[in-house]
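Here's a quick briefing to read alongside the model. Have the sequence and the 3D view open as you go.

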Amino acid sequence: MNILVIGTGYVGTTTALVFAEMGWKVTGLDTDQQKLNQLQKGILYFHEPGLKELLIKHNNSGQLQFTSNKKEAIQKSDVIFICVGTPSRPDGSADLSYVKQVAEDVAYHMNGYKLVVNKSTVPVGTQEKVTEWISESNRHAHPYDVASNPEFLREGKALEDSLHPDRIIIGTKSDRAAKLLQQLYSSMTCEIIETTPRTAELIKYASNAFLATKISYMNELSRLSDRLDVDIREVAKGMGLDLRIGSRFLQAGIGYGGSCFPKDVSALQQTAEENGMKLQILEQVVNVNKSQYLYMLDKAKKRLGDFAGKKAAVLGLAFKPDTDDIREAPSLRLIQDLLGQQATVHLYDPIAKLPAGFTHDHLTVASMAEDVFKEADAVFICTEWTMFQELDWKSMHPQMKQPNLFDGRNMLDAKTMKSFGYYYEGIGYK
Ligand code: UGA
């Protein structure tokens, strides 16, 4: 079976590499020649543990190739995965123009039966739209199916999640498509659920929105925990042992970010509105998330007073560890607010970079974590990089003007930090 992956972004590149690792012949197609040149040379243009090694391995094994030649790539493939971007429109709905373009390209070039599979996160009903778009441009009336097969991988854990998924969802009403996808995933040991395309599409949004809800619930509860002098981490542990609740995604912090939760929650709300209803719980999930970094900032304000003229050290920019992705990262909003209140900000992240053009006279980026501590009035931890745990916190303390430590990810041990002389506050934990 020849696999084609259209769109060599984060999901597309990972999908292509994982199918190659599973032993299939894979082609990655993109219109961005610069991206393709890099991938062909074994250069991964984003940070994701383990993927670069796989890229080099399969560039050499011959299992994987990258091209911009649509006709050749489409004609030699049996299964075509759509992995292009679905950015948010200003009203929160998903922009499907790249998906439509792919459908038209497939229809234009196809030379026999093709199974087209949506892997991009797309609104409920998109499988039907793609079917229509292909049908409109299918000049030679070639047979085809369109299925939905949502992706559940996490950034920073993409390889692990793709090679050992919790479940595989196949949304199709066609036996031929279902058989092909079952064959494709036959080496996987997890449960494979066959369902309708609409159900598969909703499962993806519902899963992300539920995880976001879990986080916002714990974040709101962390505020109450502070008032009650209770450790939210212990609450999470106690709750998580109940198998009905589960221990994952109960970690309180300064809020979720990334390209998925914020976008998908908003797209699901949009879908509900288009269908004449509001998802009230999600409104509050978004509200809690938007204000959660402010909760940490308020703690600092209570301690420091006015931020004007103060020096803030920010550790971590990425929206989570093991990625260079800064989309919707709460750190960015925190930095903006600190600068807006006339603080000086010294930032360090081991990998993530500020967006192009994000400059300010009072903002500097350090090349070593240790550098941000000098003369600082407060340290804010925004991303729980393991290396921050390994810092020599004891020796850093005397370098600060005021040893205030606000741990936005509850990653450090409060007792130890206090014994070093820090004023320590986490989120629902101190
Ligand atoms: C998320 C989902 O977890 C994946 O299953 C899904 O495939 C992906 O979106 C997607 O739709 O493509 P991702 O955004 O990469 O994955 O990262 P997560 O690990 O889910 O973390 C998202 C945010 O939630 C991060 O900012 C993280 O710091 C935060 N988080 C996570 C918490 O604040 N607390 C937690 O307990 C867990």
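Is the crossing of H9 and H11 left-handed or right-handed? The crossing of these two helices is left-handed, where left-handed means that the near helix is turned anticlockwise from the far one by less than a right angle, and right-handed means clockwise. Keep in mind that this is a predicted model, with local features needing pLDDT of at least 70, side-chain atom pairs counting only at pLDDT 80 or more, and totals for chains, interfaces and linings using all residues. Residues are numbered from 1 along each chain as its sequence is written, and side-chain values use heavy atoms, with hydrogens and water left out.

**Helix H9 against helix H11**

- Two packed helices are described by the angle between their axes and the distance between the axes.
- For H9 and H11 (residues 261–274), the axes come within 9 Å and cross at roughly 115° (axes are lines fitted to C-alpha atoms over the stretch in contact, with angles from 0 to 180 degrees between N-to-C directions).
- On the H9 side, the residues meeting H11 include Leu202, Tyr205, Ala209 and Ile215, and their H11 partners include Phe261, Val265 and Leu268 (contact means heavy atoms within 4.5 Å).
- Sorted by class, this contact has 11 nonpolar, 1 polar and 2 charged residues (Ala, Val, Leu, Ile, Met, Phe, Trp, Tyr, Cys and Pro are nonpolar, Asp, Glu, Lys and Arg charged, the others, Gly among them, polar).
- Ala206 sits in H9 and counts as partly exposed because its relative accessibility is 36% (under 20% is buried, over 50% exposed, in between partly exposed, with a 1.4 Å probe and protein chains only).

**The cavity**

- The count is 1 cavity of 30 Å³ or more (a set of points on a 1 Å grid over the protein atoms alone, where a 1.4 Å probe fits but cannot get out).
- The largest cavity has a volume of about 50 Å³, volume being the space filled by probe spheres set on the points.
- Its lining (residues with an atom within 4 Å of a point) has 3 nonpolar, 4 polar and 3 charged residues.
- Helix H9 (residues 197–228) gives the largest share of that lining, 3 residues.

**Positive phi outside glycine**

- Ala141, not a glycine, has a positive phi of about 50°, and at 63% relative accessibility it counts as exposed.
- Asn410 has a positive phi near 50°, and at 10% relative accessibility Asn410 counts as buried.

Terms used. 1 Å grid on protein atoms, 1.4 Å probe; cavity = no way out; pocket = protein on both sides within 12 Å on 5 of 7 lines; lining within 4 Å. Helix = DSSP H or I, 4+ residues; strand = E, 2+ residues; numbered from the N terminus.
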